[in-house]
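Colleague: I would like to work through this model feature by feature. Please give the general idea before each case.

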Amino acid sequence: MKEAISIKLLYISLAVLCIVSSETKIRSMAMKLFDAHCHLQDQRVVDKAPLLIHIANAAGVVYIAVDGITEKDWHLVKEMSDEFDSVIPNFGLHPWYVEGKSRSWFNTLKELLEANPSAAIGLDKSPLAKGVDFGEQVEVFKKQLQLAKDLKRPASVHCLDAFPELLQIMKEIGPFPAGVILHSFQGSPEVVPQLTKLGSYFSFSGHLMPLKEDKARKIVKAVPLDRILLETDAPDALPINPIFFVPGNATLNQPANVHSVLTYVASLLELSKEELADISYKNALGVFYFQGSKIPLK
């Protein structure tokens, strides 16, 4: 009985979602979007991932980069990529989990990437990693960044309040012709030129929206147009004005809400949504296209 009620509620949620988002879906037919970073393997949404992927695809989100963050979820990302053409797999070790890594983590990661030529490398560097030793974070980060360069794959990086360290490491190992994606970028405008020179792209998400608008505008306008990407960081970073809601939990984010990010960033840049959609989509195709990738060469 409870299962029947849950299914009924799910259908009701989907019906409401379709009504609310119908205008967006119609307009999105002329726009192609790329969610450059999310975590659909997250336990909060993994059981709904097929549904969320279909909703995103219907809303014009052609590709979704799904980033694995620990040895325990890499297989989920691979399975998702194997099942859905639109999912671009990323494998890496998040700093919150470096202390729980196995002795063979690096060999496992390397073998996974070599066996899955479509995969990029997702990694993270943050001083707010729940008390995890920062020195160990840096050691793990360097190994993954070097691996990305050796394999000629793009690397997705989250950096929070550690840009001096990040710049130093990137200067030591770089440059990075395959690209480094600074996901949910909220760094100062001053670091953008140096990071750009080293091969960085700057991806914006709903995390940008709580900032004061003037600060957000300065950050976004500091980035060259040919280096801008858009993402959701789902199931986190729910936009302030989301268009789509995860059935059963309206506090969670999903890839289709890259539309909300598009609208906000376009307003900061004083561009039309169509202009920014075209720019960011082409940028994402460029950085996520590499030998063996799932993205066809145009």
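Modeller: Start with burial: a residue is buried when its relative accessible area is under 20%, and exposed when that area is over 50%. Keep in mind that this is a predicted model.

Colleague: What share of the residues in the chain is buried?

Modeller: Of the 298 residues in the chain, 55% are buried. The chain has ten helices and eight strands.

Colleague: How much of the contact in the chain, at a separation of 6 or more, comes from residues 24 or more positions apart?

Modeller: Such pairs account for 72% of the contacts with a separation of 6 or more.

Colleague: Next, the cysteines. How many disulfides does a search of the whole structure find?

Modeller: In general, a disulfide is a covalent bond between the sulfur atoms of two cysteines. Here the search of the whole structure finds zero disulfides.

Colleague: Is C38 buried or exposed? And is C159 buried or exposed?

Modeller: C38 has a relative accessibility of 0%, so it counts as buried. C159 has a relative accessible area of 7%, and is therefore buried as well.

Colleague: Which residues does UniProt list for "binding site"?

Modeller: The unreviewed UniProt entry lists H158 and H183 under that heading.

Colleague: Where is each of the two found, H158 and H183?

Modeller: H158 is in strand β5, which covers residues 155-159. H183 is in the loop between β6 (180-182) and α7 (192-197).

Colleague: Last, helix packing. At what angle do the axes of α8 and α9 cross?

Modeller: Two packed helices are described by the angle between their axes and the distance between the axes. For α8 (residues 213-221) and α9 (residues 258-269), the axes cross at roughly 85 degrees and come within 9 Å. An angle of 65 to 115 degrees counts as roughly perpendicular, and α8 and α9 are therefore roughly perpendicular to each other.

Colleague: Which residues make the contact?

Modeller: From α8 they are E213, A216, R217, V220 and K221, and from α9 they are Y264, V265, L268 and L269. By class, the residues of the contact of α8 with α9 are six nonpolar, three charged and no polar.

How values were computed. Residues are numbered from 1 along each chain as its sequence is written. This is a predicted model: local features need pLDDT of at least 70, side-chain atom pairs count only at pLDDT 80 or more; totals for chains, interfaces and linings use all residues. Side-chain values use heavy atoms; hydrogens and water are left out. A disulfide is a pair of cysteine sulfur atoms within 2.5 Å. Buried means under 20% relative accessible area, exposed over 50%, partly exposed in between (1.4 Å probe, protein chains only). UniProt positions are given in the numbering used here, feature names are shortened, and annotations may be inferred rather than shown by experiment. Helices (H or I, at least four residues) and strands (E, at least two) are DSSP runs, numbered from the N terminus. Axes are lines fitted to C-alpha atoms, for helices over the stretch in contact, and angles run from 0 to 180 degrees between N-to-C directions. Angles under 35 degrees count as roughly parallel, over 145 as roughly antiparallel, 65 to 115 as roughly perpendicular and the rest as oblique. Contact means heavy atoms within 4.5 Å. Ala, Val, Leu, Ile, Met, Phe, Trp, Tyr, Cys and Pro count as nonpolar, Asp, Glu, Lys and Arg as charged, and the others, Gly among them, as polar.
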